[in-house]
Amino acid sequence: MIGTDVRALFTPSSAVLLEKAFRAREITLLNPIWIHSKNSGKPFYAILHRIDVGIVIDLEPARTEDPALSIAGAVQSQKLAVRAISQLQSLPGGDIKLLCDTVVESVRELTGYDRVMVYKFHEDEHGEVVAESKRRDLEPYIGLHYPATDIPQASRFLFKQNRVRMIVDCHATPVKVIQDEALMQPLCLVGSTLRAPHDCHAQYMANMGSIASLAMAVIINGNDEEGRNSMKLWGLVVCHHTSARCIPFPLRYACEFLMQAFGLQLNMELQLASQLLEKRVLRTQTLLCDMLLRDSLTGIVTQSPNVMDLVKCDGAALYYQGNYYPLGVTPTESQIKDIIEWLLASHGDSTGLSTDSLADAGYPGAASLGDAVCGMAVAYITERVYLFWFRSHTAKEIKWGGAKHHPEDKDDGQRMHPRSSFKAFLEVVKSRSLPWENAEMDAIHSLQLILRDSFRDAEQNNSKAVVHSQLGNLELQGVDELSSVAREMVRLIETATAPIFAVNVEGCINGWNAKAAELTGLSVEEAMGKSLVHDIVYKESEETVDKLLSRALRGEEDKNVEIKMRTFGPEQNKKAVFIVVNACSSKDYTNNIVGVCFVGQDVTGQKVVMDKFIHIQGDYKAIVHSPNPLIPPIFASDDNTCCLEWNAAMEKLTGWSREDVIGKMLVGEVFGSCCRLKGPDSLTKFMIVLHNALGGQDTDKFPFSFLDRHGKYVQALLTANKRINVDGQIIGAFCFLQIASPELQQALKVQRQQEKKCFARMKELAYICQEIKNPLNGIRFTNSLLEATDLTDDQKQFLETSTACEKQMFKIIRDVNLESIDDG
């Protein structure tokens, strides 16, 4: 077979499909291709992907009775996935557990596996089953933890490239791959759907009692350290079956769409939780800073709120110039001095330390602290000032699915022997506290910087005197209170990626972060003291902002309010910035409202684009077939999402002719292969919009971007509506794009001028008709008078003829269509 033309192995129609796929730029978007063997006539799913030396074709046997073989069957799989996605999107926010539980139920309903699990990766790389749907007689895995070595790093990397992996039968005998001797190295089958599992993994599955499996990657956005556009493998959705099971490619493809939607929804939930935490931390930091400026330094540990409210802990302490101020569960004064000596000796070059186990961190006196103090976070302020947070021992029970996990037991690329025991093993973690989360350490570090600056200002201005606590509380004097609060607020909000600004009770700016400066072109120094209502926002937003301020100053906070802000300096060409803001009341330590903080989101791009587009209404059929140049780009699909309409405006916009796209699948072939979209998430969102229309749910002005035939980036707003037959049944979707081009604006201007001329001519015709009626009424009256006189037979004949003509003229005037007369 080596060297044979692959097209010769299949029927002529199949060969045409393969040849067409070979020429496609995004070949994977055409998968699967339904082809038939030339010799046996058996059907196969041909699944193609490119590698460095050519194209790999996986041929999955397909049963002729398989409903997924037809386009309708494939679309039905997509519809099921869209229904599951809609269910995810309808869930209440703030509950990740409910989201995971819903996903496993949906996947099990779609695929029919005996067990479906959501498997989450922890920071130390081990995994945990956080959600499960299973057959009743199977042993539950929910809550079990598995060592990081169960899914090696190499496998995790591959899941980010190839997000779905199916093993039909782990006992199946692998088939040897024979390749041309001219190839210098073995073929790369990483992207192949039919590649055999590694012997180690096959044995691993057998040890678990699982014969077939389906694993799907859950991808979310990475953190800032990993790069702005990086993707992170959050976990897996894993399906197990106790007998051999094969899921056809269309259904796997639908499940992949579901996983992309799950990843998007999960990412939003994680971001929401992070934002709520940041908001709470920001509010606490603001109160602590205000307290620091109003009162003595000891107030941050002796009053409420205090440093314990900043992060979750069991105790906190301030060590200031030899004086010890404990709060909650803390070491003794002698022990804290010993800890400081150890810090200076072992971590003298560091600005702080955080650990969930002082013993593991190397502190010699950890045993003497007992279970009361196991975890510690310390912020180094100056040589004589330290701020501590402490956490007590947490008797955490971890159920391991098999052999006991060890922190150092990670994948080293050489461990290839699978575990044979998966019986739940209970490990009790002792002498260890809850770990310190990144957000908590960011909050501590931020407060550390603020306190350092405060002490630096005190030394430079010589305006703060320190008095021993027994003689009186420490007092910070000689600093202008208002300017200091403004300075501290700027520091707090400076690192935010969203525009954040604050005003005092008089509505004057006293907080302005870098993002706000970037959007408006107004620097921090220039913004300070300006009136938000009169200097920053446009006149049309003044009333809205004034209302926001008055309500927030009364403690009534508003969310998602759009305001229009001015731009300054080099940004003035942008004319306006549109921000959607949440207005939060700023309070001091006595709970008095001292200003308003605005946390916003820049929606300028979306606002400007949406304002430019014109909503076009009317009969859809007339719009599609009308030669009017005002008609927007229009396309339509049948109930199987195949393209059946592609008007001239779409041809002009995309560069693809009607013949190029009619009959092709809109999802994947038309938009995906012909008109390329940016990333799988865009394709998923388009598929959801299209199937929502097929389900009766219209979508208006959905942001939709793609690349035309020549690689030009096109931005539009997509409106998708259901198509209904005479019986009221949905038979497809009807979509049009709104593009605010200069030509469209000019055409609309010409149309309005023509409409004005048409209206004037119609008024003139109406006047003429009315003027004709007057002499006709005179003729009618004269005829009625003649009928009352003695007439000869000939005169009566003439009168009847005159009366008939008069009636006919009246009928013509009554039935006249002024628009028809005007048109031609």
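This is a dialogue on how to read some features of a predicted model.

Me: Which residues form the nonpolar patch on the surface, and how much accessible area do they have together?

Reply: A patch joins nonpolar side chains that lie within 5 Å. Here the members are Tyr 767, Ile 768, Ile 772 and Met 809, with about 370 Å² of accessible area together.

Me: Which helix gives the most to the nonpolar patch?

Reply: Helix α22, spanning residues 742–787, gives the most, with three residues. Tyr 767 has its place in helix α22.

Me: Is Tyr 767 buried or exposed?

Reply: The label exposed applies over 50% relative accessible area. Tyr 767 counts as exposed because its relative accessibility is 54%.

Me: Next, the backbone. What is the phi of Asn 560, and where is its place?

Reply: Asn 560 has a positive phi, near 55 degrees, and is a residue other than glycine. Its place is in strand β21, residues 558–565. Asn 560 is exposed because its relative accessible area is 62%.

Me: What is the phi of Lys 701, and is the residue exposed or partly exposed?

Reply: Lys 701 is not a glycine, yet it has a positive phi of about 55 degrees. Lys 701 sits in strand β26, which covers residues 699–707. The relative accessibility is 24%, so Lys 701 counts as partly exposed.

Me: How many salt bridges does a search of the whole structure find?

Reply: A salt bridge needs a side-chain nitrogen of Lys or Arg within 4 Å of a carboxyl oxygen of Asp or Glu. In this structure the search finds 18 salt bridges. Among them is the pair Arg 554 and Glu 556, whose closest N and O atoms are 3.5 Å apart. Arg 554 is exposed at 53% relative accessible area, whereas Glu 556 counts as partly exposed at 33% relative accessibility.

Me: Which parts of the chain does the salt bridge of Asp 660 and Arg 709 link?

Reply: The side chains of Asp 660 and Arg 709 meet at 3.2 Å, N to O. This pair links distant parts of the chain, 49 residues apart: Asp 660 is in helix α20 (residues 658–661), and Arg 709 is in the loop between β26 and β27 (713–724). Asp 660 is partly exposed, with a relative accessible area of 24%, and Arg 709 is partly exposed at 37%.

Me: Which residues do salt bridges that share partners join into one network?

Reply: The network consists of Asp 5, Arg 7, Glu 19 and Arg 23. Within it, the side chains of Arg 23 and Glu 19 meet at 3.9 Å, N to O. Arg 23 is exposed, with a relative accessible area of 61%, while Glu 19 is partly exposed at 34%.

Definitions and conventions: Residues are numbered from 1 along each chain as its sequence is written. This is a predicted model: local features need pLDDT of at least 70, side-chain atom pairs count only at pLDDT 80 or more; totals for chains, interfaces and linings use all residues. Side-chain values use heavy atoms; hydrogens and water are left out. Patches are made of residues with over 30% relative accessible area and no salt bridge: like charges are joined within 9 Å, nonpolar side chains (Val, Leu, Ile, Met, Phe, Trp, Tyr) within 5 Å. Accessible areas come from the Shrake-Rupley method with a 1.4 Å probe; for residues, only the protein chains shown count as cover. Helices (H or I, at least four residues) and strands (E, at least two) are DSSP runs, numbered from the N terminus. Buried means under 20% relative accessible area, exposed over 50%, partly exposed in between (1.4 Å probe, protein chains only).
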